[in-house]
Amino acid sequence: MNRFAHLIDRIGYEPRRNAKIRLMADYFRHTPDPERGFALAALTGALSFRHAKPNLIRGLMAERSDPALFGLSWDYVGDLSETVALMWRAPDPELPAPRAEPDGGAPQNPGADARPHASGADGPAPGIGHNNPPPDGEPIAPEGPCPHVPALSEVVEGLATAGKSELPRLVATWLDALDETGRWALLKLITSELRIGVSARLAKTAVASLGDIATDEVEHVWHGLEPPYRELFAWVEGKGPRPEGVNPAPFRPPMLAHPVEDEDFAKLDPALFGAEWKWDGIRLQAVAGRDPEGRLVRRIYSRTGEDVSKAFPDLVEALDFEAALDGELLIVREGRVQSFNVLQQRLNRKAVTPKMIAEYPAHLRCYDILAEGGEDLRHLPFADRRIRLESLIGRIGAPGIDLSPTVPFGSWEELAEARRDPAGAGAGPDADAIEGCMLKRLDSPYLPGRPKGPWWKWKREPFLVDAVMMYAQRGHGKRSSFYSDYTFGVWRESAGGPELVPVGKAYSGFTDQELLKLDRFVRNNTVNRFGPVREVGYGPDKGLVLEVAFEGLQRSGRHKSGVAMRFPRINRIRWDKPAGEADRLEILERILKKGETGQHPLGGAPAGGGA
Amino acid sequence: MSGMATRAADLLTLTPQGLYCPGGDFHVDPTRPVPRALITHGHSDHARSGHGHVMATAETLGIMAVRYGADFAGATQTAELGEVVRIGEVTVTFVPAGHVLGSAQIVIEHGKCRLVVSGDYKRGRDPTCLPYRPIPCDVFITEATFGLPVFRHPDARAETDKLIESARLFPERAHIVGAYALGKAQRVMALLREAGYDRPIYLHGAMERLTAFYKDHGVALGETPRVAPDDRAKLAGEIVICPPSAIQDLWARKFPDPVTAFASGWMRVRARARQKGVELPLVISDHCDWDDLCRSILETGAEEVWVTHGQEDALVHWCLSRGIRARPLHMLGYGDEEAEGQAGEAAAGAPDPDGAAADPAAADVAA
Ligand SMILES: [Zn+2]
């Protein structure tokens, strides 16, 4: 467990993809079966434990700590598992066991026996703290005799077999035995929150690197393998045969686009590119193929290679072909693509019910084909793949799967016009779900990753509004100890004079340096606390103005202001601007009105919105 | 309030400049210029220039002269550790605080009432300064920078061992260690030397003068050459110490594939380390962790505790839950030698806590 804990701890600090692969490969190389197999399962998200939920951890901590101190600590650290890992101490987590004062007790007169100020090099007597090596070898921690540090495989087995009532004691025993990093890893593991920037694909890449094997080969055999993956490791290390049960529907890493900047167009020849709408949905890969028994295996993958088939049974059922398609998940009702907000409502639900499927039918709008009938098409030019794709979609004839149309254009100016007004350029009412254009070189093969040049994304100009920060909440992941999610409002007239009404929430768009300043602003200007949420001071002459960029507006009965923003983000922090000069609700209502007639009111003048 | 507490509140009051003793007509660690200041230690959030008269240990006076120039105050008076000195109606005594070279607690007594202003202090071992001594008192005034039970600093030597191990593991990469220029940098160097690390330890220009000051005061730190701009590319496998603000700077990127390390108590919280882009967090602090704050309060036997700044709520709660009267002072302007360094920038308008060469770009040119 400790080795695995230190691996994921290090990976968490490591930004470089190749270094992450190296760290994982090094771990797999030097860790025996089945330990490394369970580690691979943990890294690929293949483990899940029924009873071990955050509640259990909170309960354990409540037994051992002062609730006020736990609350303050959790509020500070932000992350439950990390808070518990740091605070955990057996038997009394608040106070070290009383120790004999080693330097003969405190002097009665501070003047009488303070030693002369000797230089450090002479080696002043060491201060005695719990964080120092004990002077005479006595144990520091009050745990008593060395407890047994569990192996990862023991933890996995224990979690799988222990009954619900035994579990708290078992987890507590492990926590007592592990060091801080070990406790953190254990808690992350059992709460399925092991977010360390490693995708299933990256972990498989590390496995592949143990031998001279392509990651795609690992993807092909992955189907049908179970933790702890002994036969997989044996195969990549050249000690065993290639595992049976080749995956008939493997994931293939997607090709990604770079954002295009205005100055790029001078270098791009419009004749070499095709254009499509950029859909405001979720990128998916739909793959179907036949296993050796001739059964059709159908899978849906996220763009990082996670198998998400279970979430979309309606779409899985429609995969009646043998091919790998790249496309966008959308919700389509009565032939009309719904906005991202609608899609979000389906994604937010955990359980997939017939009612939900009927209300939010999943739809795949395809823009590429990677393989067909066992033939890899990725080396073909985009224009040729497009022909294969059009022909296949025509043959499938499933209502839930269609083609992302191309946008005809002769010059970049023409395309700019279409991007400004997708409804007028053929998208009709689907324009709500369009967030710009994609440019794809007609001769480009399908290259995994984000190669610069062949594919570009050209997003619509955002709207801008000056709003006032009202509430802040802690973020997630590396931002969990910072107030990084901000609810902001604009002014509207009320019976009692102007008041701020919340219009949205944003948690991105600022730099790390700006985040530190925003976090400090929140902590220094808190006027109210509601659980994890803090209300900050605001009013006509106090408060912080945030210039917020957003992609669009919708009417919303759920919001007090009656509007909901799409993709709001902090464009600029207006430390200089008095809160009284922030925008009024009327500007949003104007945007809404014009938006409904299909026009973008601020057009190409992004700076105009909030000034 | 008991009679004792009332007297303590008269003995030391809170003013916009900081803690003030009317009986002796002096401030302790004032944040703005005052006629007479007693200063606990040389960090810039405690030791500011421009006071009429400054009383501090010889080392603290020396550090202030290094940072602000010889004329940093109208007049100075050296405080001898342990010597009881009368000022007006009160007596004061300076006692080691274990924080940085020259750091002291200030004991203020009047009649039977004894109050200890501990300044910044720590109990962890530090070969570069005298250890903290617990002083029995009626009122103990403490900071609470790491005043939450999530802060438990590990053994500092284990942290420098991590650094040495990483330098051994990645001989093709330079290890850039962010550390506060006063105290932390020298402590890290001294711990590396204790562990037997005998390669030169390279210094950013901003660390030089204070490191020389430590060496002049007998702290053995071995060979510590300054990094010459052109040499950066040649320092693969070496350890380089720089101000925290420089680790993410262009200056640091000229080293071969640098490993970014940062020595600070804040590194205990992963989100804080990641936020700063640190790859090798070293949990080394010159402040007390939670256990040591609690232990120190108990050891003074104080009936009342005032918490100046930091995570005041938790420490006050802990005191109250143990029957010790406690109140937060919510003092502003302190704690920045770590907090600002962590933000990678000097507080706007405040002197740079890391001393010389505040601007990493300037340091880049000057180094
Ligand atoms: Zn200090």
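Here is a short chat about a predicted model, covering parts of chains A and B.

Reader: In what order do the seven strands of the open sheet in chain B come?
Author: The pairing in this sheet is mixed. Its edges are strand 7 (85-87) and strand 18 (325-328) of chain B, each pairing on one side only. From one strand to the next, the twist averages 25°. Reading across the seven strands of chain B, the order is 7-8-9-10-11-17-18.

Reader: Which residue stands opposite T91(B) in strand 9 of chain B?
Author: Strand 8 (residues 90-96) and strand 9 (residues 104-110) of chain B run antiparallel, with six bridges joining them. One facing pair is V95(B) and Q105(B). For T91(B), the residue standing opposite is E109(B).

Reader: And which residue in strand 10 of chain B is the bridge partner of H110(B)?
Author: Strands 9 and 10 of chain B also run antiparallel, this time with five bridges. They form a hairpin with two residues between them, and G111(B) in the turn has a positive phi of about 60°. Over in strand 10 of chain B, H110(B) has as its bridge partner C113(B).

Reader: How many residues of strand 9 of chain B are buried?
Author: Strand 9 of chain B is joined by bridges to strand 8 and to strand 10. Buried here means under 20% relative accessible area. Strand 9 of chain B is mostly covered, and the count of buried residues is five of its seven.

Reader: At what angle does helix 8 of chain B run to strand 11?
Author: Helix 8 of chain B covers residues 290-300 and lies across two strands, strand 11 (139-144) and strand 17 (304-310). Relative to strand 11 of chain B, helix 8 runs at about 175°.

Reader: What arrangement do the four donor atoms around the zinc ion make?
Author: The protein donors are H41(B) through NE2, H43(B) through ND1, H99(B) through NE2 and D120(B) through OD, lying 2.2 Å from the zinc ion. Four donors count as tetrahedral if all angles lie between 85 and 135 degrees. Here the angles run from 87 to 168°, which makes the arrangement irregular.

Reader: How many residues apart in sequence are the parts that H41(B) and D120(B) tie together?
Author: Along the sequence, the zinc donors follow the spacing H-x1-H-x55-H-x20-D. H41(B) lies in the loop between strands 4 and 5 of chain B and D120(B) in the loop between strands 10 and 11, so the pair ties together separate parts of the sequence. H41(B) and D120(B) are both buried. The parts they tie together are 79 residues apart.

Reader: Over in chain A, at what angle do the axes of helix 3 and helix 7 cross?
Author: E35(A), F38(A) and A39(A) in helix 3 meet L152(A), S153(A) and V156(A) in helix 7. The residues of this contact divide into four nonpolar, one polar and one charged. The two axes come within 8 Å and cross at roughly 65°.

Reader: Is K452(A) buried or exposed?
Author: K452(A) sits in the loop between strand 10 (434-441) and strand 11 (455-459) of chain A. Its C-alpha atom is 9.2 Å from that of L256(A), 196 residues away along the chain. With a relative accessibility of 63%, K452(A) counts as exposed.

Technical notes:
Residues numbered from 1 in each chain as written. Chains lettered and ligands numbered in written order. Predicted model: local features only at pLDDT ≥ 70, side-chain atom pairs only at ≥ 80, totals over all residues. Heavy atoms only, no water. Pairing = 2+ DSSP bridges. Helix = DSSP H or I, 4+ residues; strand = E, 2+ residues; numbered from the N terminus. Axes fitted to C-alpha atoms, helices over the stretch in contact; angles between N-to-C directions. Contact = heavy atoms within 4.5 Å. Donors = N, O, S within 2.8 Å, 3.2 Å for Na, K, Ca; no water. Tetrahedral: all angles 85-135°; square planar, octahedral: opposite > 155°, others 65-115°. Buried < 20%, exposed > 50% of the residue type's maximum accessible area, 1.4 Å probe, protein only. Nonpolar A, V, L, I, M, F, W, Y, C, P; charged D, E, K, R; others polar.
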